[in-house]
Amino acid sequence: MPSEPNLALWHQGWHTQAQHLRSPNFGPRPDGVGIDLIVVHSISLPPGQYGGDAVQRLFTNRLDWDAHPYFQSIRGLEVSSHFFIRRDGSFWQFVSCDDRAWHAGASQYRGQSNCNDNSVGIELEGLEGETFEDAQYQSLAQLCRDLKHHYPIAHVAGHEHIAPGRKLDPGPGFDWSHLQKLLNFPAQAFPDH
């Protein structure tokens, strides 16, 4: 349950400063599971191309599978993330944080399996291995702080940390030490590097 909710920032799990676009790809969180993990991802569609609306279309099941040859490799995929942060730092929300988005897949972190159950997923517009923009770090840090004030967040990890060997994002181009400095969360909140 949220602790000391900031009604100016949150309404039923929706961040009031995000652009909202509801995804059908979500479900209820299991009873008794706290939201204590933020999972950082990276995505661009097609890979390495920024600024379009393909990610939004993917998360809302409206992607035209024939619009680009790469889309055939993900045809029929039904996924979502709670948030998507563009290269300019603007951010979108697709699923209420009170609900379970479909972003982690088969996963395990610090003894908890099926990380969709207890996490909030944040996608950064980018490509694993490449760098991210300062505006994205600033928005990500603010969003993490906002989440921590509303939910019992204890950990921040990458998709690569919760699904090692299966996922590589956000990848070596993501500066974990920079995020840690921006957040000033305790060191044990972050993955070991």
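A: Rolling a probe the size of a water molecule over the atoms shows where empty space is left. On a 1 Å grid over the protein atoms alone, a pocket is an open set of points where a 1.4 Å probe fits, with protein on both sides within 12 Å along at least five of seven lines; a volume is the space filled by probe spheres set on the points. This is a predicted model, in which local features need pLDDT of at least 70 and side-chain atom pairs pLDDT 80 or more, while totals for chains, interfaces and linings use all residues. Residues are numbered from 1 along each chain, and side-chain values use heavy atoms, without hydrogens or water. Here the largest pocket holds about 580 Å³ of space.

Q: How is an aromatic pair read, and how many does the structure hold?

A: Rings of Phe, Tyr and Trp (its six-membered ring) pair if their centres lie within 6.5 Å, and planes over 60 degrees apart count as edge-to-face. The structure holds seven such pairs. W10 and Y151 are edge-to-face, because their ring centres are 5.9 Å apart and their planes stand at 80°.

Q: Are W10 and Y151 buried or exposed?

A: Buried means under 20% relative accessible area (1.4 Å probe, protein chains only). W10 is buried at 3%, and Y151 is buried at 2%.

Q: Which residues form an aromatic cluster?

A: F132, Y137, F174 and W176 form one.

How values were computed:
On a 1 Å grid over the protein atoms alone, a cavity is a set of points where a 1.4 Å probe fits but cannot get out, and a pocket is an open set with protein on both sides within 12 Å along at least five of seven lines; lining residues have an atom within 4 Å of a point. Rings of Phe, Tyr and Trp (its six-membered ring) pair if their centres lie within 6.5 Å; planes under 30 degrees apart count as stacked, over 60 as edge-to-face and the rest as tilted. Buried means under 20% relative accessible area, exposed over 50%, partly exposed in between (1.4 Å probe, protein chains only).
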